[in-house]
Amino acid sequence: LSTLALLALVFHFRQSIYLPKQKGILLYLVFILSLIPSCVYAINPGKAWSEYAKIVSFFVVFLMAYGLFSVADFKKVFTRSIIVFALLSLVVGAFQLSFLYFDFYSEETLILAQNWFGALPDSLDLHQKSYFIKSLFAHRNLFAQLVLLSMPFFLYSSIKEKGFWKYLAILTLVVACIPIVMLFVRTIWIIAFVVLIIGGALWLISGGIKYLNLKNSLIAFVFVAVLTGGAYLLIKKNESIHETFVKQGYWLNDQSFGSVNERLVMWKATLPMIQENKLLGVGAGNWAIAFPNYYHQEVRKSKNGMYYQFQRPHNDYLQMMAEYGLIPFLLFFVFVIIAFAKLLKVFFKETDLERKLWAFSLLIFLLAYAGISMFSYPKERIEHNLLLTFVLAFAYTITPSSTLTNQWKLPFPRMIILILIFALGALSYHCYIMYQSDVQVKKAYQERALGSQKQFTHFKKAKSYFYNT
């Protein structure tokens, strides 16, 4: 897709190539270039170049979005797309929920559902059951994260849209509150609470209270009160739900067990990895390969002779510093901070409610994304990356200085285009080889589970110049 996007850019700029004059975007470009030495000297260069291809792809998407948002208003297209996507996700989530609590489905339907969504949990524990409710995503945590990240845009649409889309946005906002609570994802609860406090404080400090409509505010207050009261009574009276919420709060007093302890162990082990690889890092996507050198025990106790190998530290900040090195990390960090600062400036100075509310929605998204990055790995997920890329493009085009007339014209456009096409073509081919290797690895594990010797044939096919362990 990024190759096609690049070809579209080539067609548009076939006579001349322009580069945005904004310093933040130039920092993004320098960040992309600064990762090349890290990939060259990575522990596993094949893995690093594959990760680099993904990073470059989103950079191309950012440039495309920046160009489009500079010349046209895409807010409605963006927010309506998110509403439709979120509603589809919530419907699928509700469908999965029905399999857990209703027994009127036929055996054929249950088999089909498990082929689509995975095996139904045997446990009666509500917390364990909730892992089956993951909608269109690989894990229930990702479902909860994307619902939370989408909520600022539901709020924006519920206020600024009219007619059908307004009521659809309100409906989506109301329904979205259910998975936020009932998926039992503790980090989402914490992030939602903190972002709500910070967002409320920002709105009051900016003088936003004068924009509040008394009638709508009263309706919103009654709705929140009813929702909170209903949730409290449900938790209090339903013993199973009550026990699940109590269990999810154990970590506040004891961090020596469960996923909290696992994260703390991985974070502590990542610090010396960063210390020893400050300049170049261990290579993009190479944290999992380097981690056993810094922690010589099992993070999670094995079951049935299986060894758990964690792929990520569940903290994007630490992972980026460990994999990229400190300088590339700081380049990207400053790029995002500049976007945040632009939004803050518009939010506090703007008197037009629509622009103020739009800046506020983007700010809330970035705050939520920053919180999720502290406890998870959104940079590894396509949906999260796309949302972040579009939000950053909106942030950099929110001020008048982002118009296409304020650009640098680059010399030798055809030469630059040829280099870009060759580079991205090579990265795309590399990703194809990586994909084929991963397919063979999956087949090898399937044969291993059957006790078949064919596993070794697939392992040999998986090994290549680019991809070996």
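Predicted model: local features only at pLDDT ≥ 70, side-chain atom pairs only at ≥ 80, totals over all residues.
Visitor: Which other residue has a positive phi although it is not a glycine?

Guide: S135 is one, with a positive phi of about 55°. S135 is found in the loop between helix 6, residues 126-129, and helix 7, residues 140-160, and it is buried, with a relative accessible area of 4%.

Visitor: Back to H314 for a second, how far is its C-alpha atom from that of L264?

Guide: The two C-alpha atoms are separated by 9.6 Å, while L264 and H314 are 50 residues apart along the chain. L264 belongs to helix 12, which runs over residues 258-276, and L264 is partly exposed, with a relative accessible area of 31%.

Visitor: Let me step back. What does the secondary structure of the protein come to?

Guide: The protein has 19 helices and two strands. Of its 469 residues, 44% are buried, and the accessible surface comes to about 25800 Å², with 68% of that belonging to carbon and sulfur atoms.

Visitor: What share of the contacts join residues at least 24 apart?

Guide: If you take the contacts between residues at least 6 apart in sequence, 74% of them join residues at least 24 apart.

Visitor: Pick a helix for me. How far apart are the end C-alpha atoms of helix 15?

Guide: The end C-alpha atoms of helix 15, residues 326-349, are 34 Å apart, and this agrees with the 34 Å that its 24 residues should span at 1.5 Å a residue.

Visitor: Which residues of helix 15 are buried, and what do they pack against?

Guide: The buried residues are P328, F329, L331, F332, F335, A339, K342, L343, V346 and F347. These buried residues pack against helix 2 (23-40), helix 3 (45-71), helix 9, helix 14 (316-324), helix 16 (353-375) and helix 17 (382-396).

Visitor: You mentioned helix 9. Which residues make the nonpolar surface patch of about 430 Å²?

Guide: That patch is made by I190, F193, V194, I197 and I198. F193 lies in helix 9, which covers residues 186-205, and F193 is exposed, with a relative accessible area of 55%. As background, an α-helix has 3.6 residues a turn, so residues three or four places apart point the same way.

Visitor: New topic, how many salt bridges does the structure hold?

Guide: The structure holds nine salt bridges. In general, side chains of opposite charge can pair when their charged atoms come close.

Visitor: Which residue does D73 form a salt bridge with?

Guide: D73 pairs with K75, and their closest N and O atoms are 3.1 Å apart. D73 is exposed, with a relative accessible area of 56%, whereas K75 is buried, with a relative accessible area of 15%.

Visitor: And what about E350, which residue is its salt bridge with?

Guide: E350 forms a salt bridge with R355, with the closest N and O atoms 2.8 Å apart. R355 counts as partly exposed, at 33% relative accessibility.

Visitor: Which residues are linked in a network of salt bridges?

Guide: The network links E51, K54, R312, E323, K379 and E380. Within this group, the side chains of E380 and K379 meet at 2.9 Å, N to O; E380 is buried, with a relative accessible area of 19%, and K379 is buried as well, with a relative accessible area of 9%.

Visitor: How many disulfides are there?

Guide: The structure holds zero disulfides. As for cysteines, C39 is buried, with a relative accessible area of 1%, and C177 counts as buried at 17% relative accessibility.

How values were computed:
Residues numbered from 1 in each chain as written. Heavy atoms only, no water. Patch = residues over 30% accessible without salt bridge, like charges linked within 9 Å, V, L, I, M, F, W, Y side chains within 5 Å. Areas by Shrake-Rupley, 256 points an atom, 1.4 Å probe, with all protein chains shown as cover. Salt bridge = Lys/Arg side-chain N within 4 Å of Asp/Glu carboxyl O. Helix = DSSP H or I, 4+ residues; strand = E, 2+ residues; numbered from the N terminus. Buried < 20%, exposed > 50% of the residue type's maximum accessible area, 1.4 Å probe, protein only. Expected span 1.5 Å × (residues − 1). Contact = heavy atoms within 4.5 Å. Disulfide = S-S within 2.5 Å.
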